[in-house]
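Reader: Before the terms are used, I would like to see what they rest on. Please show the model.

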Amino acid sequence: MPEAALLPLLALVGGVVALDATAVGQLMLSRPLAAATLGGAVAGAPAEGLVVGVFLEALHLAVLPVGAAKYPEGGPAAVAAGAAAAGALPGDAEILLIVLFALVWETVSGLTVERMRHLNVRFAGIPPEGATPAAVARRHLGAVAIDFARGTALTLAAVLLLGWLLDAAALERVPAGWARAALELSLVAGAASGLRLFGRGRWPFFVSGAALALLVLFLRGEGA
Amino acid sequence: VTDGGGGAAPGPRERRAMFLRGFTVQGSWNYQTLIGTGLAFVLAPALKRAYRDPAALERALARHLELFNSHPYLAGVAAGAIARLEADGVAPETVARFKTALRGSLGSLGDRLVWLRWRPATVLLGLALALAGAPWWAAVGGFLLAYNALHLWLRAWGLKVGLRDGLNIGATLRKAPFETLGERAAAAGAFLAGFASLAALGGTAGESAGPLAWALGVAAAAAGVALGRNVRLAAIAVLAAVLVAGLVVGNG
């Protein structure tokens with residue numbers, strides 16, 4: 001688990017990325033790739049955060065916030081996962097647990113978004129004190145503040161739970177080869193699922209990209 | 001019949017405030033009026049200028065607190081056009097009909113271009129960079145810079161053309177090259193998906209180059225394409241099964 005002194009900062013970052021997902025900005029700091037790296041950076045190892053961010057991002061590709069759709073929320077879980085990865089100097093089994101926990105926590109987080117949107121109905125419509133600019137601003141920014149608090153609480157809970165799980169689980173029993181294979185096959189499948197977003201008819205582009213990657217791997221192997 | 005509007009058009013100060021407030025347009029998203037409260041919050045600086053009478057200003061704000069929806073990056077188009085109509089003293093019924101006509105098209109335009117094309121393509125750029133061995137700051141920075149170039153342009157452009165064109169915004173939206181841009185992003189995205197898939201596979205399979213590893217990787221890629229958005233649930237099931245099996249029967 002990250003040092004206790006870092007917990008408030010991690011919670012703050014979690015609040016910011018929760019806001020970024022929908023309420024404020026939508027600059028995509030909330031995407032798992034960025035949020036996990038941010039979590040890792042807070043814990044002192046952004047590159048370790050990026051490692052779990054890559055797995056989470058590949059499996060988050062097809063999540064679309066269209067209209068009133070219900071969807072998992074990636075940001076707070078990814079901040080916690082990135083921080084855990086940076087703090088634990090993890091092996092493959094630890095990364096497996098971190099990624100799996102984050103995927104489940106994304107779903108929990110998404111449920112709280114849905115609940116908040118129901119609660120936000122109280123901020124809808126004409127304020128009882130009249131529709132003055134100040135009253136509208138109070139209602140609107142009140143909802144933003146609630147979203148921020150939700151994000152900080154979710155991130156803090158995730159960091160603590162994940163820290164406890166990493167300590168409690170007998171991860172040394174999990175063969176590293178199994179964990180690595182499961183993670184990397186999930187990553188391949190997640191990245192490939194991107195083709196469905198763009199239409200299967202674009203398979204020639206997909207195959208061209210795969211061919212370029214093959215060439216890069218070959219050249220790298222030659223160079224090594 | 002106007003309702004006391006028709007005052008001054010938004011000046012530079014109001015435009016700046018509307019642009020900045022636009023970043024929070026979804027801040028109070030709710031299942032009753034969707035982004036209605038957010039739209040009123042964005043419009044407030046312009047309405048204060050258009051309505052000098054406080055009672056008329058309250059009535060105008062109340063009208064805009066009603067249900068509204070749009071893609072968040074294109075909400076500026078709606079806010080700009082509505083601010084223009086209010087400054088021109090257009091009747092509230094006309095403004096309401098205009099909002100109803102606009103909200104569906106702004107939602108579907110933005111969803112198709114940004115959520116379905118641009119974002120996955122730029123995310124895959126970040127993934128491809130990371131999997132190709134780029135440093136963390138290049139992978140994350142490359143994604144954020146590419147993504148936000150279009151994002152920030154859409155917000156600034158939307159507010160500008162909305163304020164300029166008012167009721168005629170439909171013609172401007174039809175002429176905008178969203179379809180072409182979406183097509184190109186989709187082609188680039190499919191290419192990057194192929195690159196990232198194979199680069200991910202090469203991460204381990206490439207070291208040993210074992211035929212079984214490559215075969216499993218190709219099968220995983222095919223499963224990913226077949227599963228589409230369901231790949232997330234399938235991955236959770238597989239990862240959980242492997243973890244539990246490892247904890248129960250594994251010995252390191």
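Author: The radius of gyration is taken over C-alpha atoms, and the globule rule is 2.2 Å times the number of residues to the power 0.38. This is a predicted model, in which local features need pLDDT of at least 70 and side-chain atom pairs count only at pLDDT 80 or more, while totals for chains, interfaces and linings use all residues. Residues are numbered from 1 along each chain as its sequence is written, chains are lettered from A and ligands numbered from 1 in the order in which they are written, and side-chain values use heavy atoms, leaving out hydrogens and water.

Reader: How do you know what radius of gyration a compact globule of 252 residues would have, and what does chain B have?
Author: The rule puts such a globule near 18 Å, but chain B has 24 Å. The C-alpha trace of chain B spans about 75 × 40 × 30 Å along its principal axes.

Reader: What makes a residue of chain B count as buried, and what percentage do?
Author: Buried means under 20% relative accessible area (1.4 Å probe, protein chains only). By that cut-off, 57% of the 252 residues of chain B are buried. In chain A, with 224 residues, the share is 58%.

Reader: Which elements does chain A have, helices or strands?
Author: Helices (H or I, at least four residues) and strands (E, at least two) are DSSP runs, numbered from the N terminus. Chain A has 9 helices and 0 strands; chain B has 10 helices and 0 strands.

Key
Buried means under 20% relative accessible area, exposed over 50%, partly exposed in between (1.4 Å probe, protein chains only).
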